[in-house]
Amino acid sequence: MWTDFSSRGADSASAAIQPCVAGRRDDAMERLRRLKHAVESLTVSDVLGHVAPDSASQDATQAADGDICAPASGDVRVTNLRHGEVLPYPLCLLEGTASGGATAVTVAVSDGAPASFAVVGGAWKAAVDLAPGSNSLTLGAIPCGGDATCLCVSYDASADGIGPPGTKAVRLVWLSASDGDGSFEVPPPPHPGCDVPHTAADGAARLLTAGRLMQAATAEMMHHQGLGRRTFRLVEDVTHHRLPHLTTRAACRMDGQKLWSHVFEAASGCARRDDLIDVAVMSFSCWDRAARKVRGHTALGGGRLGLFGGSSVWCWPANTAGLASAFTDCGKVDGKVCLDDGGRGRVWALAATTVGAALHELGHCLSLPHPCLTVAADRGGGIMARGFDHLNRLVAVTEAGRPLTGERPFWDRGCAARLRWHPWISAVGRVPPPGSAATSDGSRDGAETGGDGLLERALRAQKRLYDATPAVPMPKHKSMAAATPAPTPTTLDDLGRKIQGLLHPPAQDDGGGTSSGITAVSTEDKLCVLSGATLAPGRNPSFAPTTDGRLTVRVGRDVGAGGGLGHLGYYVNGDNAGHEEWVGGGMGQDGGPPAAVVLPTPAALRARLGAKATDKLVVSAIDTAGNMESMDYGTCNTV
Ligand SMILES: [Zn+2]
C-alpha cells in the first residue's frame, strides 16, 4: 500500500555549503588551511575557545575577498554550543556574537568551503550540515578576519538513545495524486518563486530541508528550556507516495478533514505503522484563480499523520545553504495569485508560517495540545499556539529587513516537559530502570519499594523540592502572555529532579484528605508524592480513585522500563492548563521520580486551574520510559 520508492532529496543531500564570500577560493582555502593548523595546535577544554593566532594565522589577515584588513578585529563567539558537543542530528544551528564591526561571520565545516552569515547588531546565526562523526568548525569574521574561533561538534545519530535503527521515527512523505507527476505549483511570473525548479525531486529536497530544520529546532528549543537537545529521529530518505485512488480533481474538491482521512487510510497499511509519524506534503495543492483560494490544501496533525498542502513549498529552503536567505527574503507575496498563508505578505513570513505550521502539526502528533485554550494569540504560547509564525527567528538575525527584536520561538513549558518523556523523543539521560547505574545526566533511581517510613521520606523530599523550586507566578490558564515562563537552563540543571509548578496559586481547600491512609498528608498546596509506594502492575501509568475523592496516579516498575512519573499534565477542554514535571537528575537518597502521586479532588484541581465545573478536565501522565495514559477527571468515580 504505502509504497516507498524514494530517494533522498538530491539537492539537499549532496549540497555542499556554498562559499558566500565572493572572490578567490584559493585564498579562502589557504586561510582555512592555516586556521585548521591553528586549531590542531590548541588545547581547548569544555569552554569555547577563542583561538590565539599562531605564526601561520598571524598572516591570515587577508580576507577571503582579497582585501587587506587590520588583524584581530573580529572576535567571533558561539553562545549556544560548547566545544565537544555531540548532536544526534545533522543540521547544526549556531548562534553567537561578533565584535569589531564585523558584517558577516564565516563558518567552515572540516574541509568544506566557508559559508557566510550576516552579523546584525553584533549578533549572528548560522546553520550548517554536519557529517557523521567529528566535525571541526572554523569561524571567522568579515571583513577583517581576525582570529579564528574553532570548535568541534560531532554528529552521532545513535546518541539520541531512542533505540536501534528502525525504532520510532518521523518520516517525511511527498504525496502525488494518481494523475500527477509529483511536481508542485509555483506562483506565476513575475512573482517571487515563479522560476523555482519544482519537480517531485525538488519538492522532496525542500521537504527534507524543512524536516531537518524542525528536528534541529525541536532540539534547540528543548535546550533553551534546560531539557537537553532532545528531538525526534528523522527517516532521512523522503518517501514518495502516489495516492492510487485520488485524482487531482477529486483532491481539490475535498476539505482538510477529508484529505487527512484519505491519506491516513492510505498509510494505514504501511510497514511499521506504529513506529512512524508521517509529515506528509501534498504536491497537488493548487491555486484557484477565480475563487482566489487554494484547493487540495490543509494543515492538520494528529495520530500518526501531520498533513500539509504544498502550495507554499516554493518558498521553503531548497537546502541548508538556502535557510538564511529563505527566512529573510523580503520579496512580496501577492495573495491574489498565490496562497499568502498567515497574511503577512512577504516571502520570509510565508516560509516561517508554513514550515512553522508543519512543526505545530507534528507537535500534535507528538501528543501536544494547544496551550491556554487558543492558538489565536500571537505570543505567549510558543509553537503550539501562534508562535510557529516566528520560526524564522531560529536562523535569522533580521526580520522584515530590520534587526530582530522579537521573542524567539519556543515550546511552552508544558509541551516541553511532555516532550522530554515522549517515546518519540531522544532518551538521552532518561532515568534507567531500578538498579541501573546513574544516567548520563547524573540521575539515580534509588527509590525503594514498600517499607516503613516511605511516606515521611517522600514528604520530606517533596518539601525540599518545593522549597528549592522558585515560585513561578502563574496566571489563570486563559492568559496567554504569562503562560510560558521560560525557566533558565541553569536553574533546572542545578536542581536536577524538581517539580516545576506551573499552576495557578492553589486554592486553600484542595479537598483535604480524611481517610485511605493518606489522612496525615496535608496537600494544602502540594501534591502528595509517594516515592516508591504502592506500585501498579502493567506498562502504562494507571489511575485509581482514593476513597476521599482524589485520584492516585501510579506507574509500574516491574517491566524494567519505567523509573517513575515524568510528567503530569492537566488539560481543560483539550488545552494545556498546567502541569507538574520531574526532571531527571539526582535527588539524593530519597530516590528518583515518584512512583505514585495523589492528586487533589477534581473540584480543587479545577479551582487551581481556573476551570469551570462544566469544563472537561483531563489528567494525563507520562512515565520516565515514555508510557502515557490519560483520564477524564470528571468521570473517574471520584467525588
Ligand atoms: Zn493546532
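Pro143 is found in the loop between strand S8 (133-142) and strand S9 (149-155), where helices (H or I, at least four residues) and strands (E, at least two) are DSSP runs numbered from the N terminus. This is a predicted model, in which local features need pLDDT of at least 70 and side-chain atom pairs count only at pLDDT 80 or more, while totals for chains, interfaces and linings use all residues. Residues are numbered from 1 along each chain as its sequence is written.

**Cis peptide bonds and positive phi**

- Most residues other than glycine have a negative phi, and most peptide bonds are trans.
- The bond that joins Ile142 and Pro143 is a cis peptide bond with omega of about 15°.
- A cis peptide bond also joins Pro189 and Pro190, with omega of about 5°, and Pro190 is placed in the loop between S10 and H4.
- Ser110, although it is not a glycine, has a positive phi of about 50°, and this residue lies in the loop between strand S5 (104-109) and strand S6 (115-120).
- With 15 other C-beta atoms within 10 Å, Ser110 is partly exposed; a residue is buried if 20 or more other C-beta atoms, placed from the backbone, lie within 10 Å of its own, exposed if 12 or fewer, and partly exposed in between.
- Ala400 is a residue other than glycine whose phi is positive, near 55°, and its place is the loop between strand S17 (398-399) and strand S18 (402-403).
- Ala400 is exposed, having 12 other C-beta atoms within 10 Å.

- An open sheet of mixed pairing is formed by five strands in the order S11-S10-S12-S16-S15, two strands being paired if DSSP finds at least two bridges between them.
- Strand S11 (234-242) and S15 are at the edges and have a single partner strand each, so one side of each lacks a neighbour in the sheet.
- Neighbouring strands of this sheet are turned by 15° against each other on average, direction ignored, with axes being lines fitted to C-alpha atoms (for helices over the stretch in contact) and angles running from 0 to 180 degrees between N-to-C directions.
- Strand S15 (residues 299-302) and strand S16 (residues 305-309) run antiparallel and are joined by four bridges; Ala299 has Phe308 as its bridge partner in S16, and Gly302 stands opposite Leu305.
- The hairpin of S15 and S16 has two residues between the strands, and Gly303 takes a positive phi near 60° there.
- Helix H6 (residues 256-267) lies across strand S10 (169-176), strand S12 (276-282), S15 and S16, and runs at about 130° to S16.
- Helix H8 (residues 347-365) also lies across S10, S12, S15 and S16, running at about 25° to S15.

- Strand S22 (residues 565-572) pairs with S23 in the antiparallel sense over six bridges, and Val572 has Asp575 as its bridge partner in S23.
- Asn573 takes a positive phi near 50° in this hairpin of S22 and S23, which has two residues between the strands.
- Seven of the seven residues of strand S23 (residues 575-581) are buried, so this strand is largely enclosed by the rest of the structure.
- Helix H12 (residues 602-609) is likewise largely enclosed by the rest of the structure, because six of its eight residues are buried.
- The buried residues of H12 are Pro602, Ala604, Leu605, Arg606, Arg608 and Leu609, and they pack against S22, S23 and strand S25 (617-623).

**Nonpolar cores**

- The largest nonpolar core has 120 residues, of which Val105, Val107, Val263 and Ala351 touch the most other members; such a core is a set of buried Ala, Val, Leu, Ile, Met, Phe, Trp, Tyr and Cys residues joined through C-beta atoms within 7 Å.
- Helix H4 (residues 200-224) supplies the largest share of this core, 14 residues.
- Domain 1 (22-62 + 72-157) and domain 2 (162-411) each contribute at least three residues to this core, the domain bounds coming from an automatic or database domain assignment.
- Ala351 is in contact with Cys315, Trp316, Ala326, Phe327 and Asn392, leaving aside its neighbours within four places in sequence; contact requires that the C-beta atoms of two residues, placed from the backbone, lie within 7 Å.
- A second, separate core of 24 residues includes Val553, Leu568, Val598 and Ile622.
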